[in-house]
Amino acid sequence: MKLNKIKDLKMMADVIREDIITSLVTAKSGHSAGPLGMADIFTALYFNVLKHNPKKPKWDGRDRFVLSNGHICPVLYATMANIGYFPKKELLTLRKWGSRLQGHPHRTSLPGLETTSGPLGSGLSQAAGMALAFQRDKKSNKVFVSLGDGEQDEGNHWEAVMFAGKHKLSNLIGITDRNYIQIDGNTEDVMPLDPLDKKYEAFNWNVKIIDGHDMKQIIKVLKASRTNKGKPLMIIANTIPGKGVDFMEGKFEWHGKPPKPDEAELALEEIHAHEVEERGDWVTKHNKWKPIHK
Ligand SMILES: Cc1ncc(C[n+]2csc(CCOP(=O)(O)OP(=O)(O)O)c2C)c(N)n1
C-alpha cells in the first residue's frame with residue numbers, strides 16, 4: 001500500500017505511534033523515545049519511498065533498509081506490521097519468549113529484516129557492503145540505513161564513513177536520528193558530535209539537514225535521494241525524542257524504558273487527540289488504519 005497524500009502519511013505516523021506505545025506497555029520493557037521520534041521518517045520510507053514488496057520480502061529489485069540503531073525496532077515492527085509484513089496483533093508479542101519480534105531485530109526470524117542488529121556501530125559497514133555490491137553489479141537498488149546519533153560515538157562507524165566516501169557510494173543513504181539524546185544524557189555532554197554535517201562533508205559525503213517531523217520535507221528529501229550523485233548521502237534528521245507524547249518529549253530518561261499502563265493511557269489519548277485535530281471526525285468515522293489497542 002502506497003500513501004501519496006501528506007495527510008494520509010501523517011495519519012499513518014500517528015497510528016504507528018499508537019502501536020509503538022501499545023506494544024511497549026504490553027512488553028513491559030523496551031525503548032520509547034527513539035521509536036516515537038522516528039515514526040514520521042519510517043512512515044515516509046515504507047509507505048512512500050522504498051521499493052519493496054511485503055508479499056515478496058526477498059524480491060531482488062527491492063531497496064535494502066538497514067536498522068543500525070537496532071534498539072528502536074518498535075518503530076520498525078509497527079511500520080512493517082501496518083504495511084503488511086505480518087499480522088498487527090503480533091506486535092503484542094514484542095520481547096516475549098519465542099516471539100519473532102525480539103528486543104533487537106533478528107534477521108532470520110522475521111521476513112523483511114535485512115540484518116540482525118543491536119550492537120551499535122555496525123550497520124553502516126553492512127549497508128556500505130551492500131551498496132558497493134550494487135554499484136559493482138550496476139544495479140539501481142538503493143541502500144538506506146537508519147543510525148542513532150549517540151551510536152556515532154563508535155569508532156567502527158567512522159571506518160565505514162571513510163570507506164563509503166572512498167568508493168563514492170551514491171546509492172547509499174544514511175539517515176541520522178539527530179535527537180541529541182543517548183542512553184544517559186545529551187549527546188553533546190557525553191561525546192560532542194557537532195558540527196556533524198561538516199564531519200560528513202570532510203569525509204566526502206553529501207549532506208542534507210531536515211526537520212524529521214515535517215512530512216512534506218521528509219518526502220521531498222527522501223525522494224530526491226534516489227537521484228543522489230557522486231558521493232554517499234547523509235540525511236541529518238532533527239527529531240524530538242518521544243515525539244507526540246508530551247511527558248516523554250526531549251527527555252533522555254525515556255531512551256530505554258516503556259510506559260507504565262497509566263502513562264500509556266495518557267500517551268494514547270494525546271496521540272489520538274492529535275489525529276482528531278489533524279483530520280477531525282473523519283478519524284473516528286473512517287479510520288481504516290486502526291491501531292492495535294482499538
Ligand atoms: C556496541 C554497543 N554498545 C552499547 C550498547 C548499548 N546501547 C544501546 S542504545 C545506546 C545509546 C545509543 O544512543 P543513540 O544512538 O543516540 O540512540 P537514542 O537514544 O537516540 O535512541 C547504548 C549505549 C549497544 N547496543 N551496542
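This is a predicted model: local features need pLDDT of at least 70, side-chain atom pairs count only at pLDDT 80 or more; totals for chains, interfaces and linings use all residues.
Reader: Why is Lys28 called partly exposed?

Author: Lys28 has 14 C-beta neighbours inside 10 Å. Buried needs 20 or more, and exposed needs 12 or fewer. The count for Lys28 falls in between, so Lys28 is partly exposed.

Reader: Where is Lys28 found?

Author: Lys28 sits in the loop between α1 and α2.

Reader: What makes the phi of Lys28 worth a mention?

Author: Phi of Lys28 is near 65°, a positive value, and Lys28 is not a glycine. Most residues other than glycine have a negative phi.

Reader: Why does Asn204 count as partly exposed?

Author: Asn204 has 16 C-beta neighbours inside 10 Å. That lies between the limits of 12 and 20, so Asn204 counts as partly exposed. Asn204 is in the loop between α8 and β6. Its phi is positive too, at about 70°, although Asn204 is not a glycine.

Reader: What makes helix α4 mostly covered?

Author: Eleven of its eleven residues are buried. Among them are Cys73, Tyr77 and Ile83. To be buried, a residue needs 20 or more other C-beta atoms within 10 Å of its own.

Reader: What covers the buried residues of α4?

Author: The cover includes α1, α2, α3 and β1. Helix α3 is mostly covered as well, with eleven of its eleven residues buried. Phe42 and Tyr46 are among the buried residues of α3.

Reader: How do you know that the bond joining Asp194 and Pro195 is cis?

Author: Omega is about 0° there. Most peptide bonds are trans. Pro195 lies in the loop between α7 and α8.

Conventions: Residues are numbered from 1 along each chain as its sequence is written. Helices (H or I, at least four residues) and strands (E, at least two) are DSSP runs, numbered from the N terminus. Two residues are in contact if their C-beta atoms, placed from the backbone, lie within 7 Å.
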